[in-house]
Amino acid sequence: MTTTSEPRWRRLEPDERREQIFTCAARLFGERPYALVSTSDIAAEAGVARGLINHYFGTKRELYLAVIRRAVTMPALDGHAPLDGPLSERANVTVEKFLDMVLSQGKMWLVATSEGIGQDAEVEEILVDAERRSADRVLDAFGVPADAEARPQLNALMRSFAGMVKAAGREWLLRKELDRGQVHTLLYHTLITMLERVFPPLLKTE
């Protein structure tokens, strides 16, 4: 009797295997406290030898920090040039990209944005850096010049907006008081207001 199911130990390219390990680690760290997740647990979940985790990521701590960094960093808005399309369209894409990221991260995003996680000095450094990088990616998507004199202040404004983003995301995924559509509407209109009224001189809109 044969089966068409894919074997657990199928051969993967190095990048695919690395991503598989990363995904399994993110799922486990999202479900359990850090101390209750071992490299053996991650290896078993990913269907790999434990040594492969060390090969790709180093220690469990290093893997955990990498998982945190991805969970809180806005992905690049690939395929959407800064001046491609009207402002409303670009704002819509930006919010959708964020919501997709949050949904894909799931419980790990909730862990990474929870109160108290920043008490870890290394994690706090990652969170601060991720906020700045994410803010820069949004500013880049709206054509704000990298050398603009007001760039630092605009980055700070976007980080302030990120506080609402996190709160709305948790109301959606954790408390379930809001649905995705409501969160999208809230973030979209807030972002549009910022872009049109708070720092329009540095934006090139149609």
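Colleague: What is the mean pLDDT of the protein chain, and what share of its residues reach 70 or more?

Modeller: The mean is 87, and 87% of the residues reach 70 or more, where pLDDT is the predictor's confidence in each residue, from 0 to 100. This is a predicted model, in which local features need pLDDT of at least 70 and side-chain atom pairs count only at pLDDT 80 or more, while totals for chains, interfaces and linings use all residues. Residues are numbered from 1 along each chain as its sequence is written, and side-chain values use heavy atoms, with hydrogens and water left out.

Colleague: Which elements have the lowest and the highest mean pLDDT?

Modeller: Helix H5 (residues 87-105) has the lowest, 91, and helix H2 (residues 39-46) the highest, 96; helices here are DSSP runs (H or I, at least four residues), numbered from the N terminus. Over residues 1-9, however, the pLDDT is below 50.

Colleague: Why are H7 and H8 called roughly perpendicular?

Modeller: Helix H7 (residues 121-141) and helix H8 (residues 151-173) pack at an angle of about 105°, with their axes 9 Å apart. Axes are lines fitted to C-alpha atoms, for helices over the stretch in contact, and angles run from 0 to 180 degrees between N-to-C directions. Because angles of 65 to 115 degrees count as roughly perpendicular, H7 is roughly perpendicular to H8. Contact means heavy atoms within 4.5 Å, and among the residues that make it are Ala 135 and Leu 139 of H7 and Leu 154 and Met 158 of H8.

Colleague: What makes H1 and H4 roughly perpendicular as well?

Modeller: The axes of helix H1 (residues 14-31) and helix H4 (residues 60-72) come within 10 Å and cross at roughly 85°, and H1 and H4 are therefore roughly perpendicular to each other. By class, their contact has eight nonpolar, no polar and three charged residues, where Ala, Val, Leu, Ile, Met, Phe, Trp, Tyr, Cys and Pro count as nonpolar, Asp, Glu, Lys and Arg as charged, and the others, Gly among them, as polar.

Colleague: How do you know that a space is a cavity, and how many cavities of 30 Å³ or more are there?

Modeller: On a 1 Å grid over the protein atoms alone, a cavity is a set of points where a 1.4 Å probe fits but cannot get out, whereas a pocket is an open set with protein on both sides within 12 Å along at least five of seven lines; lining residues have an atom within 4 Å of a point. Of the 22 residues that line the largest cavity, the closest to its centre are Met 74, Phe 98, Ser 134, Ala 162 and Val 165. The lining divides into 16 nonpolar, three polar and three charged residues.

Colleague: Which helix gives the largest share of the lining of the largest pocket?

Modeller: H1 does, with six residues, and the pocket has a volume of about 180 Å³.

Note on methods. Helices (H or I, at least four residues) and strands (E, at least two) are DSSP runs, numbered from the N terminus. Angles under 35 degrees count as roughly parallel, over 145 as roughly antiparallel, 65 to 115 as roughly perpendicular and the rest as oblique. Grid points are joined across faces, edges and corners, and a volume is the space filled by probe spheres set on the points.
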